[in-house]
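The sequence and structure are shown first.

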Amino acid sequence: MSSSANQLDQLDVEHFFKLVEKNIGIDLDLAKTYLITSRLTHIVEQHGFDHHAQLLRHLVTSPVNDLHWQAFEAMTTNETSFFRDIHPFDALKKTILPALIEKCQETREINIWSAAASTGQEPYSIAILLREYFPELTKWKIQIWATDISQQALDKAVSGVYNPVEIMRGLSDSQISRHFTKLPNGHYQVIPDIRSMVQFRQMNLIQDWPLMPKFDLILMRNVLIYFNQETKAKIVKKLHAQLPHADAYLILGSSESILFDKSFKVVQLDRVSYYQKEPL
Ligand SMILES: C[S@@+](CC[C@H](N)C(=O)[O-])C[C@H]1O[C@@H](n2cnc3c(N)ncnc32)[C@H](O)[C@@H]1O
C-alpha cells in the first residue's frame, strides 16, 4: 500500500480538514497533513481502500456517514495520564474540594464533570483522590460524569483496563495496589468501587448540551487548545451556563486560558489557576 503524504491531493486535505472542524471542532492546517497518514491507516486497510488519497477522495465526495465519523474520531489526540500535571489535583485536595464540601453541607451532593475525559485517567484520578482524602463523602451523593467524543477512548475508559506503561504514569505503587487489580495478562483494572463512581457518556462539545445537568466542578483540560477562537468562545459560554452558582469551579489545562470571556474571573493559587463565574 502506498501511503506517503505527498500523494495526497492538497485540496482534498483542505476539504477534509474543513469537515473535521465543522463536525468536531478540531482546527487543523496543512502542516498537520501528516496526521492523515499516521492516523487513518487502519481505516484505509479495514475498508479496502488502496491508499490514503483514495480514502480522502471518498470522504470529501460523499455525504457524512459512519465512515466519516470513524475518520473524525481518529483525528483526535487522546493523550492523557493519571493525575496529569499534578497541580490541579493538589488544588482539588487542599482548596477546592474542602470548599465545595463546606458549600454543599445541606444537600450533601457534589456533581463533577470531566469533559474530554479521553481513556478515563482523569475521572478515575478524581475518584481515587476522593476515596483517599475525603472518606466522609462515601455517605454523600457524588456524581462524576466523564464525556468524550471518541467512543473508542470511552470503551477503554469504561473497561478501566490499562497497560503497565499507562499505569506507571502518575500513580504510586500503593495507589496501584489499593485501586487496581492485576490481570493475568499483566494489565491492570480499576477496582469496581472506583469504576462505579464514574459515569461515561459520548458527547460532542461543539453540539448543544440540552441534557447536561449543572456541575459544582468542571474539568475541561487540554481540549480547548484544538479549537478555533470562535468555537472556544461558544463552548465557554455553555460552560458558564453549566455552573449553578458563583462558588462552582472550572479547571482548564495548564496552557489554556479563557480570559477573553469577562463573565468568568480567574483565581490564581500557588501553581494552578481556576475559573469561577464573575458575580452579576
Ligand atoms: C488530549 S485529550 C485530554 C484528556 C484529558 N482531559 C487530559 O487533560 O488528560 C483531548 C480529548 O478531547 C476529545 N475531544 C476532541 N474534540 C472533542 C469534541 N468536539 N467533543 C468532545 N471531546 C472532544 C478527544 O477525543 C480527546 O480524548
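A crossing is called left-handed if the near helix is turned anticlockwise from the far one by less than a right angle, and right-handed if it is turned clockwise. Helices (H or I, at least four residues) and strands (E, at least two) are DSSP runs, numbered from the N terminus.

## Basis of the description

The model is predicted, and local features need pLDDT of at least 70, side-chain atom pairs count only at pLDDT 80 or more, and totals for chains, interfaces and linings use all residues. Residues are numbered from 1 along each chain as its sequence is written, and side-chain values use heavy atoms, with hydrogens and water left out.

## The buried side of H4

Helix H4 spans residues 52-61, and its buried residues are His52, Ala53, Leu55, Leu56, Leu59 and Val60. Here buried means under 20% relative accessible area, exposed over 50%, and partly exposed in between (1.4 Å probe, protein chains only). These residues lie on the same side of H4 because they cover an arc of only 160° around the axis, the arc being that of the directions from the helix axis to the C-beta atoms.

The cover over the buried residues of H4 includes helix H1 (10-24), helix H2 (34-39), helix H3 (41-46) and helix H5 (66-74). Contact means heavy atoms within 4.5 Å.

H4 and H5 pack at an angle of about 120°, and their axes are 10 Å apart. This makes H4 oblique to H5. Axes are lines fitted to C-alpha atoms, for helices over the stretch in contact, and angles run from 0 to 180 degrees between N-to-C directions. Angles under 35 degrees count as roughly parallel, over 145 as roughly antiparallel, 65 to 115 as roughly perpendicular and the rest as oblique. The crossing of H4 and H5 is left-handed. Leu55, His58 and Leu59 in H4 meet Leu67, His68 and Ala71 in H5. The contact of H4 with H5 comprises 4 nonpolar, 2 polar and no charged residues; Ala, Val, Leu, Ile, Met, Phe, Trp, Tyr, Cys and Pro count as nonpolar, Asp, Glu, Lys and Arg as charged, and the others, Gly among them, as polar.

The axes of H1 and H5 come within 10 Å and cross at roughly 90°. H1 is therefore roughly perpendicular to H5. From H1, Phe16, Leu19, Val20, Asn23 and Ile24 meet His68, Trp69, Ala71 and Phe72 in H5. By class, the contact of H1 with H5 has 7 nonpolar, 2 polar and no charged residues.

## Packing of H6 against H7

Helix H6 (residues 87-103) and helix H7 (residues 121-133) pack with their axes 11 Å apart, at an angle of about 50°. That angle makes H6 oblique to H7. The crossing of H6 and H7 is right-handed. Phe89, Leu92, Lys93 and Leu97 of H6 make the contact with Glu122, Ser125, Ile126, Leu129, Leu130 and Tyr133 of H7. By class, the contact of H6 with H7 has 7 nonpolar, 1 polar and 2 charged residues.

Leucine 19, in helix H1, is buried, with a relative accessible area of 14%. Leaving aside its neighbours within four places in sequence, leucine 19 is in contact with Leu59, Val60, Val64, His68 and Phe72. The C-alpha atoms of leucine 19 and valine 60 are separated by 8.1 Å, although the two are 41 residues apart along the chain.

Glutamine 70 is placed in helix H5 and counts as partly exposed at 32% relative accessibility. Its contacts, leaving aside neighbours within four places in sequence, are Ile43, Gln46 and His47. Histidine 240, in helix H12 (residues 229-242), counts as buried at 17% relative accessibility. With neighbours within four places in sequence again left aside, histidine 240 is in contact with Ser263, Phe264 and Lys277.

## Positive phi values

Most residues other than glycine have a negative phi. Phenylalanine 83 is not a glycine, yet has a positive phi of about 45°. Phenylalanine 83 is found in the loop between H5 and H6 and is buried, with a relative accessible area of 10%.

Arginine 108 likewise has a positive phi, near 50°. Arginine 108 lies in the loop between H6 and strand E1 (109-115) and, at 37% relative accessibility, counts as partly exposed.
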